[in-house]
Amino acid sequence: MTDFNALARAAEEAMREVFPATPLLRNDHLSARFGADVYLKREDLSPVRSYKLRGAFNAMRKRPDVGLYVAASAGNHAQGVAFMCRHLDVKGVIYMPVTTPQQKIQKTRMFGGDNIEIRLTGDYFDDCLTAAQAYCAEADGHFLSPFDDEDVIEGQASVAVEIERQLGRVPDHMVIPVGGGGLSAGVLSYFGTDTQYTFVEPSGGACLRAALMAGKPVALETVNTFADGAAVAKIGERTFARLKGVGLANSLTIPEDRLCTTMMEMLNVEGVVLEPAGALSVDALKDLGQGILGRTVVCITSGGNFDFERLPEVKERGQRYSGIKKYFILRLPQRPGALKDFLNLLGPEDDIARFEYLKKSARNFGSVLIGIETSAPENFERLFAQITAHGFSYQDITDDEILAQFVI
């Protein structure tokens, strides 16, 4: 056993005084679908609904004399720090991006109570991080990194300690979401080469992949904050030092819209609420194919802090990605009966979800914005063929990002 493993086990044992181990559950639905023994390490069931409590706990327990903790977080790390500030009865100032979902801000306030102050700063995590570090130096506090800290990495490794004990052995394959790299660095450092890994990132925040390609941490020019729990512009220096040898073949990037299909599937089929970053490891199973057949696979569901006000957006994005919902502009003749002619082209499974039309004076044709939901993508092939055959013209704008921002 390495020194790191001993420290991770000590951290995990100490955690039991504050919160119980999260369950490791075999998922029958996913196991049958992918032909493997798929287990979910349910970090979404921790007291703060993410694994971030572990790193905050471990780093803070080692510094009992600190008077002020300062943190920057898009939400989950903030809740872990807030929880521990209240538990230890210490003061904390937590910087969060202005764009953080309200659910995460409210939960952070609830966990921290009077022990914390929340400051909303910047549109992106990295703006927030800069502000937090500047304030920390000014106030002579202790900055608690969300990932780039050896004690935090050690604390996150407690996930692996629990998995090994709960499963009775090291799994054949680990699927791990990556943001700043704290969780993945901790699990990799604990299990070493005893298991196979897949590290998963959202396409709009693939900082590990960028670092692997460059050979060092590099800042992404833009970050898509939809999967806010993993949307980091630059992987940590300490975390990348542990991850630099994993190889591009073991990393995956997942489109944010595809994540939505997995979030909806897990909610509708399993009753499991996952945030976008929490769905990364489950969604990655779609890409692993033959490589996991008959094997024991553990997916870490890293968080379940999901604001249900976002559910319509998630459903919309998932339907568009799956090809069962499309938006198009129909060029409609301005004559009596033209609309009825179009409606007669719809199939029994086609449902109008959006319809906007204003008759234009002194024009032969008008434009109609239409949204259609259907049960299978191939239904649109039939519908569009029918539209063309009957002399109508249309423009599919479903994947036109500029138009979609304004009309969808």
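Biologist: In this predicted model, are Tyr 190 and Phe 191 buried or exposed?
Modeller: Both Tyr 190 and Phe 191 are buried.

Biologist: Why is the pair of Phe 306 and Phe 308 called edge-to-face?
Modeller: The ring centres of Phe 306 and Phe 308 are 5.4 Å apart, and their planes stand at 70°. Centres within 6.5 Å make a pair, and planes over 60 degrees apart count as edge-to-face. So Phe 306 and Phe 308 form an edge-to-face pair.

Biologist: Why does Phe 306 count as buried?
Modeller: Its relative accessibility is 7%. Buried means under 20%, so Phe 306 counts as buried.

Biologist: Why does Phe 308 count as partly exposed?
Modeller: Phe 308 has 44% relative accessibility. Partly exposed lies between the 20% limit for buried and the 50% limit for exposed. Phe 308 therefore counts as partly exposed.

Biologist: How many aromatic pairs does a search of the whole structure find?
Modeller: The search finds 10. One of them joins Tyr 190 and Phe 191, edge-to-face, at 5.5 Å centre to centre with 70° between the planes.

Biologist: What makes Lys 326 lie over the face of Phe 380?
Modeller: Lys 326 is 5.9 Å from the ring centre of Phe 380. The distance cut-off is within 6 Å, with a further limit of 35 degrees from the ring normal. Lys 326 is listed as lying over that face. Phe 380 also belongs to an aromatic cluster with Phe 328, Phe 384 and Tyr 394.

Biologist: Which residues have the most contacts inside the largest nonpolar core?
Modeller: Met 174, Val 187 and Phe 191, in a core of 48 residues.

How values were computed:
Residues are numbered from 1 along each chain as its sequence is written. This is a predicted model: local features need pLDDT of at least 70, side-chain atom pairs count only at pLDDT 80 or more; totals for chains, interfaces and linings use all residues. Side-chain values use heavy atoms; hydrogens and water are left out. Rings of Phe, Tyr and Trp (its six-membered ring) pair if their centres lie within 6.5 Å; planes under 30 degrees apart count as stacked, over 60 as edge-to-face and the rest as tilted. Buried means under 20% relative accessible area, exposed over 50%, partly exposed in between (1.4 Å probe, protein chains only). A nonpolar core is a set of buried Ala, Val, Leu, Ile, Met, Phe, Trp, Tyr and Cys residues joined through side-chain atoms within 4.5 Å.
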